[in-house]
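Work through the exercises below with the sequence and the model open. Each one sets a task and then gives a solution in steps.

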Amino acid sequence: TRSPVTVTVTGAAGQIGYALLFRIASGQLIDAETPIKLRLLEIPKAVTAAEGTAMELTDCAFPLLSDIEVTDDARKAFDGTNIAMLVGARPRSQGMERGDLLEANGGIFKPQGEAINAGAASDVRVLAVGNPANTNALITQAHAPDVPAERFTAMTRLDHNRALAQLAAKLGVSVAEIRRLAIWGNHSATQYPDIFHADVGGENAAEQVEQDWIRDDFIPTVSKRGAAIIEARGASSAASAANAAIDHVHTWVNGTDEGDWTSAGVVSDGSYGVPEGLISSFPVTARDGRYEIVQGLDIDAFSRERIDASVQELTEERDTVRRLGLV
Ligand code: NAI
């Protein structure tokens, strides 16, 4: 039997938490053989609700779920953790400025970074889902100096999956036929979904659609999809976000297919003019448990302008959290 993997989920009583935990416990995060120990972190007033979810997890009698602990103490939640899924965050309330939002989230992600630094397993991998995901990942990383920076990532896989689905629908093909699509930049409305390197059935994707469709339909549909879901559902994306979080970790651990890549927010090494140290979305491959930025892609003027705009927003977010002393 394999040794168990400890998975910490923050915001466990929230809507993404409810869609995520059962899939982790059923064996979809790593593989169908690795036992899972769950650590659920919540704020004090939501601990009882998280305990209710833990009762339901127990009642599923998942063969792989070897242990569950619920806590409001970050040190306990991240002690020995192998995979930290940071879902809980402070949402933007009415009239809140971006600086206030970043500051409120600093109050969450700074102590979590410190707790990861203090007690996580040496192979810990961290995924920030809670928004603003890229900058929350950066804050966490800044407070865990003993953990390699490459272990801190932000989720843009939902954007990636949304883009796959839109392109597949446009071309009347299965999503499985599309390879090498990419999301660049921030997980925000400025993100850039790029199909210029994508191929569908061995042919370039961008050459199979009209340029106007890319600019006026595809890009805005993907980047505003979160708002469209809220409008229709009366609540933000939850099951699709949880699904993407599963995909992100599963790919990180198990790798990408030969000749394909995916998208993730990872620490920039300066590639493609993205300032070193920013956590920005790139096309990435995964091998041997590491995400790596795909190198050497040609970026045309259309793409360049959009990547730069999103990276500029990330730079401004970083400058704000620097001023606040959070990184
Ligand atoms: P939710 O409001 O239903 O749940 C959030 C939970 O986090 C709450 O139970 C809250 O008590 C908890 N929480 C707050 N502060 C915490 C702390 N310091 N420690 C532990 N738990 C804490 O929100 P939902 O729908 O589950 O979304 C969670 C986050 O994910 C939001 O920030 C949302 O914007 C983000 N999101 C990101 C996506 C992405 O693609 N990166 C997609 C969809 C959502």
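## Exercise 1: a pair of neighbours

Task: classify D216 as buried, partly exposed or exposed, then give its salt-bridge partner.

Solution. The relative accessible area of D216 is 49%, so D216 counts as partly exposed; the classes are buried under 20%, exposed over 50% and partly exposed in between, with a 1.4 Å probe and protein chains only. The partner is R215, with the closest N and O atoms 3.0 Å apart. A salt bridge here is a side-chain nitrogen of Lys or Arg within 4 Å of a carboxyl oxygen of Asp or Glu. R215 is also partly exposed, at 38%.

The model is predicted: local features need pLDDT of at least 70, side-chain atom pairs count only at pLDDT 80 or more, and totals for chains, interfaces and linings use all residues. Residues are numbered from 1 along each chain as its sequence is written, and side-chain values use heavy atoms, with hydrogens and water left out.

## Exercise 2: other salt bridges

Solution. 
1. The side chains of E150 and R290 form a salt bridge with an N to O distance of 3.4 Å.
2. Helices (H or I, at least four residues) and strands (E, at least two) are DSSP runs, numbered from the N terminus.
3. E150 is partly exposed at 38%, and R290 is partly exposed at 39%.
4. For E114 and K110 the closest N and O atoms are 3.9 Å apart.
5. E114 has a relative accessible area of 31%, and K110 has 31%.
6. The search of the whole structure finds 17 salt bridges.

## Exercise 3: the domain interface

Solution. 
1. In domain 1, 29 residues are in contact with 35 residues of domain 2, contact meaning heavy atoms within 4.5 Å.
2. The size of an interface is often given as the accessible area lost when the parts come together. For these two domains the buried area is about 2,600 Å², 60% of it from carbon and sulfur atoms; the loss is taken with a 1.4 Å probe and summed over both parts.
3. The rule finds 3 salt bridges across the interface.
4. Between the domains, 14 residue pairs are in polar contact, both residues at pLDDT 80 or more. Such a contact is a pair of N or O atoms within 3.5 Å; within protein, one must be able to donate a hydrogen and the other to accept it, and residues adjacent in sequence count only if both atoms are side-chain atoms.
5. On the side of domain 1 that touches domain 2, the elements supplying at least two residues each include α1 (15–25), α4 (98–119) and α5 (133–142). The largest share of that side, 6 residues, comes from α1.

## Exercise 4: the nonpolar cores

Solution. 
1. A nonpolar core is a set of buried Ala, Val, Leu, Ile, Met, Phe, Trp, Tyr and Cys residues joined through side-chain atoms within 4.5 Å.
2. The largest one has 40 residues, and those touching the most other members are L167, L181, W184, I195, I214, F218 and F282.
3. Elements giving two or more residues to this core include α6 (157–171), α7 (211–223) and β13 (279–287). The most come from α7, with 5 residues.
4. Not counting residues up to four places away in sequence, I195 touches L167, L181, A205, A206, V209, W213, I214 and F218.
5. A second, separate core has 33 residues, among them V5, L29, L57 and F62.
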